[in-house]
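Welcome, and please have your viewer ready. This short tour goes from one selection to the next, with a note on what to look for at each stop.

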Amino acid sequence: MQKFLLPLVLLLMTPFVQAAIKFTIKDEQGNTNWQYVANWSSGILIILLTIIAIWLFLTKRREKKTNHELNVIRKELEQRVKDRTATLDESNRLLQESNQLLAQEVEQHVNTTSRLRVSESYIKDILTSMPLMLISLDKEGRVTQWNRRVAEASGISADDALGRNLWEVYPSATIQPETVQQAIRENRTIHLKQSLRSVSHFDITIYPLRDADHPGVVILVDDVSKQITAENMLIHNDKMSFMGELASTMAHDINAPLQAILLDLKSFQGILSQHDFIKDEADKEKVAKLEALLADMSEKGTQVSTITNNLVAFARSQHQGKQQANVIDVMESAVGVANDVISSDSFTFRDLKIERDFEESLPVLPCYITELQQVLLSLFRHAMRSISARAAQASDPYEPKLKLMLSECYDSLWIRVQHNGIGLTHEEQMHLFEPFFSQDGESEDHDAGGRLSFSHYIITEQHRGNMAVTSDVEIGSTFHIQLPLAD
């Protein structure tokens, strides 16, 4: 509409049109022709109204078309909004479901992690608190597990041991690297038994790990010292009971015919002493030899009688309690018995030079007197064997010596028996106080006289003391016995 009105207004404002209009509305006298002006104005108005009506019609049509297009666009937009809303709703629903699933999965992972931590802590507590010593190694021999029992036994903490080579961090380990590699290579369990100076006993199990990507071994070390000690105590108790019964039976069985033999010997000696009727010097010489032989037989019989009496006293002592005793008297009594019963092929116990080093005013000792005498006799017998062996090997003049020492120290009474015979090797010292038989029942040493396990048992178990030996093959041996004075 504006593009039509603007040209029309411009046209009416032109000088030519203005002059024409002015000429037209004036008459010849120059007066205004109002009728013409009215007609012309009406015509112009009609034309303008017609143009405006046409413009309005066209505008209405355009408006309807625009409204239709807008409705179509609106419907499309509404549909798009609906589709987008539906899509957003679906996305939100899927997002919510995903969030729920993610939350559930996270919760499951959190629960699984928590359970894994609890399980790891539980397993770690088990490995740490278990009474067995546990060491885990990788294929290079580096420590991956080191429980508290190993730390206590070795004095090396787990922080210092983990990640390091076992034989670098603990050089005194008795397990060899070859044994560990053998378990890994052959993929089988290896069992070992070890004893340290007959005091500590260990059962060692080495088993390989089944993980092919991370091979290694686990070493379990079980300290069975108490078990072995208990078994040895049971063996010794059985031996003690059996020996008591055997000693009593043998003593009674031997004593009766022995006393009869001694009585007959005395009677025969009495008869021979009345040999005034023998006048021949040759016969007198024979009778003198016979008397000497009978005297020797009588002396040997007296020794056997002393042995049987000692066996009876030993058997009776199994059922008696401790008694307060003067240890010097016990020692001298044992020496007296040894003089009667201990001898070798070359000389007797009486031939030994015995030195005594006894402290004065020693207190009385609560002990099993007969059993303590048996221990001393065992030590004297062991010393006699070593001295006899040294005498047999000696090329220079050899004087056998035995030194007996008694002293008091720190509420204990110390007994030391020292000899200058052949000493003990390191291996013999390790096994001196072990039983005569191994755990599987096979004999280790058929010569029971070379062992002192029974004496060790009497001192350590019956008297709650200690017994040890120091020795040098060229110089001799010293046996140390510590007995508590408090009962």
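Exposed here means a relative accessible area over 50%, buried means under 20%, and partly exposed covers the range in between. Keep in mind that you are looking at a predicted model. Our theme is salt bridges, and a search of the whole structure finds eight of them.

**Stop one: Arg 464 and Glu 461.** Select this pair and show the side chains. They form a salt bridge, with the closest N and O atoms 3.4 Å apart. Is Arg 464 buried or exposed? Its relative accessible area is 58%, so Arg 464 counts as exposed. Glu 461 has 17% relative accessibility, and because that is under 20%, Glu 461 counts as buried.

Zoom in on Arg 93 and Glu 90: their side chains meet in a salt bridge at 2.2 Å, N to O. Both residues lie in helix H3 (residues 34–129), and they are three residues apart, about one turn of the helix. Arg 93 is partly exposed at 35% relative accessibility, and Glu 90 is also partly exposed, at 34%.

**Stop three: Asp 138 and Arg 142.** Asp 138 is buried, with a relative accessible area of 17%, whereas Arg 142 is partly exposed at 37%.

Methods: Residues are numbered from 1 along each chain as its sequence is written. This is a predicted model: local features need pLDDT of at least 70, side-chain atom pairs count only at pLDDT 80 or more; totals for chains, interfaces and linings use all residues. Side-chain values use heavy atoms; hydrogens and water are left out. A salt bridge is a side-chain nitrogen of Lys or Arg within 4 Å of a carboxyl oxygen of Asp or Glu. Helices (H or I, at least four residues) and strands (E, at least two) are DSSP runs, numbered from the N terminus. Buried means under 20% relative accessible area, exposed over 50%, partly exposed in between (1.4 Å probe, protein chains only).
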